[in-house]
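Welcome! Please have a look at the picture before reading on.

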Amino acid sequence: MMKLSKYVLYDILRNKIVIAYTIFLFVISMSLFRMEDNNGKAMLSLLNILLIVVPLISMIFATIHYYNSYEFIELMLSQPMSRTKILLSEYTGVALSLVTAFLIGVGIPVVFFSLDATGLAMIFAGCALTLVFTSIAFWASVKAKDKARGIGFALLLWFYFSLIYDGLIVLILFSFSDYPLEKLTLVLSALNPVDLGRIFIMLKMDVSALMGYTGALYQDFFGSFSGMLFTTGIMLLWAVLPLYAAVRTFRKKDL
Amino acid sequence: MIRIEHINKRFKRLNALVDVSAQFEKGQVVSLIGPNGSGKTTLIKCILGMVKSTSGKIFVDGQLINGDPAYREKIGYMPQIGRYPDNMKIGQLFSMMKNIRNIEDDGLDNDLIVKFNLVSLFDKPMRTLSGGTRQKVSAALAFYFHSDILILDEPTAGLDPLSSEILKEKIIAEKKRNKLILITSHILSELDELTTNVMYLQEGRVQFFKGIEALREETGELKLGKAVAQIMNAGVNTNWVDDLFHAKTEMP
């Protein structure tokens, strides 16, 4: 399997998009750290940019890569290679290159300027989000019949997780504000990897004090060791389940 | 070597294959012929496991195809339209395939690579190649591993006459080595010198599957095109062979 991933990685490096993504992340993080005199502020701005950019790029890149390597997949299918192996090597190649890009583009500046609990949380959450959204993108592209539908589907999912979902939560909170909703919001946040990542990092920052009673509850839960395990576990589930669904669909597909 | 038992394939509304059964043996060169959309490529893709049949069984070398990809080591496949990763160079493509199949250099068949002079193109990325050169690469790859079964989907389409002749010679050479070769083609005159058995598909059904000698005897025709045309005229209505037949007779 590593053999195949090697060729996938080679192909990805050749088309230079990942290199551009690395430079983009690096320039943004460096300039934020240089502009703000307070590293905490820079981290907050960086957080807001990353929560939009990382899922978006991961999804779009993974989807386009899948359709572009359709020929490669076809070629491998006529060889003694199992379908599971082919798809998983594609995933490994894409995920590995995107995580590396993130580690270089954001990881290095963060380690350099602000190596503390918040910094580590951000690096962890960024890598986790990359894995999760690459996996969701694979699921979307295996499910969709053609390129346009696949990319459209991926974009819709991104909109849902980044924008629509928060709107829905606010709607629920307002409609049921007479009831105690703290536990519910805790559960709801686990249903969206972007929110989970945001809460996970925010709680390491001072700003969490501004979040009021819910913030205190979050701090109590996510701040604890079991809360961290919970976050890691849910993130892992978010990465594994869509990939599993993608493999299942791919095994039955006519190519 | 390949046994097909009651294969059915449905794409949403279309019945691509209807109850196809056949047995192909070593040393045979089987020509799969039939009009466009008659299910030739679908049948080939079923054997390769790229298309999953709705019902029925396929055995390769006595082994049922059910997800274990190991049987494909015995198959060399040349697709109708060879599509390869754009950024990969020809040389890399060959070394990758070698690497994936885990075969040492002395177990490889470089014959076609040499005859098509592909070595001089080893540095060229696949995306810059013409259709014909792509076909040459596909052909060289299909024969590369000395596979016992060769599946060639319209092998000479797009090749210049000289290359097409080289490929035909290669097919004849492999036939002598007692391999099973499956060919689809629309150029029946080309199949004349190669084929030992003919399978005619139409609308997903096998119209007939006969040895070439039996076919010639039955129809009294030496040329495959004419023999097929005669059989089809006698039985089912086939405009495609009619057209082809007229086109052939009109030529001086």
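Does Leu44(A), judged by its C-beta neighbours inside 10 Å, count as buried, exposed or partly exposed, and how many such neighbours are there? Leu44(A) counts as partly exposed because 18 C-beta neighbours lie inside 10 Å; a residue is buried with 20 or more other C-beta atoms within 10 Å of its own, exposed with 12 or fewer, and partly exposed in between, with C-beta atoms placed from the backbone.

This is a predicted model, in which local features need pLDDT of at least 70 and side-chain atom pairs count only at pLDDT 80 or more, while totals for chains, interfaces and linings use all residues. Residues are numbered from 1 along each chain as its sequence is written, and chains are lettered from A and ligands numbered from 1 in the order in which they are written.

**Chain A**

- Chain A has eleven helices and zero strands; helices (H or I, at least four residues) and strands (E, at least two) are DSSP runs, numbered from the N terminus.
- The radius of gyration of chain A is 19 Å, close to the 18 Å from the globule rule for 255 residues, so chain A is as compact as a globular protein of that length. This radius is taken over C-alpha atoms, and the rule is 2.2 Å times the number of residues to the power 0.38.
- A box of roughly 60 × 45 × 30 Å along the principal axes is filled by the C-alpha atoms of chain A.
- Buried residues make up 39% of the 255 in chain A.
- Of the contacts in chain A with a separation of 6 or more, 79% are between residues 24 or more positions apart; a contact means that two C-beta atoms, placed from the backbone, lie within 7 Å.
- Leu44(A) has its place in helix α3 (residues 39-68) of chain A. Its C-alpha atom is separated by 22 Å from that of Ile164(A), 120 residues apart along the chain.

**Chain B**

- Chain B contains nine helices and ten strands.
- For 252 residues, a compact globule would have a radius of gyration near 18 Å, and the 18 Å of chain B agrees.
- The C-alpha atoms of chain B fill roughly 55 × 50 × 35 Å, taken along the principal axes.
- In chain B, 42% of the 252 residues count as buried.

**The sheet in chain B**

- Six strands of chain B form an open sheet with mixed pairing, in the order β6-β7-β8-β3-β9-β10; two strands pair if DSSP finds at least two bridges between them.
- At the edges are β6 (75-78) and β10 (205-211) of chain B, each pairing on one side only.
- Neighbouring strands of this sheet are turned by 15° against each other on average, direction ignored. Axes are lines fitted to C-alpha atoms, for helices over the stretch in contact, and angles run from 0 to 180 degrees between N-to-C directions.
- Strands β3 (residues 29-33) and β9 (residues 197-202) of chain B run parallel and are joined by four bridges. Ser31(B) stands opposite Val198(B) in β9(B).
- Helix α7 (residues 212-219) of chain B packs on the sheet, where α7 touches β9 and β10 of chain B, and its direction makes about 95° with that of β10(B).

**Where the chains meet**

- Contacts link 17 residues of chain B with 19 residues of chain A.
- On the side of chain B that touches chain A, helix α2 (residues 90-101) of chain B gives the most, with four residues.
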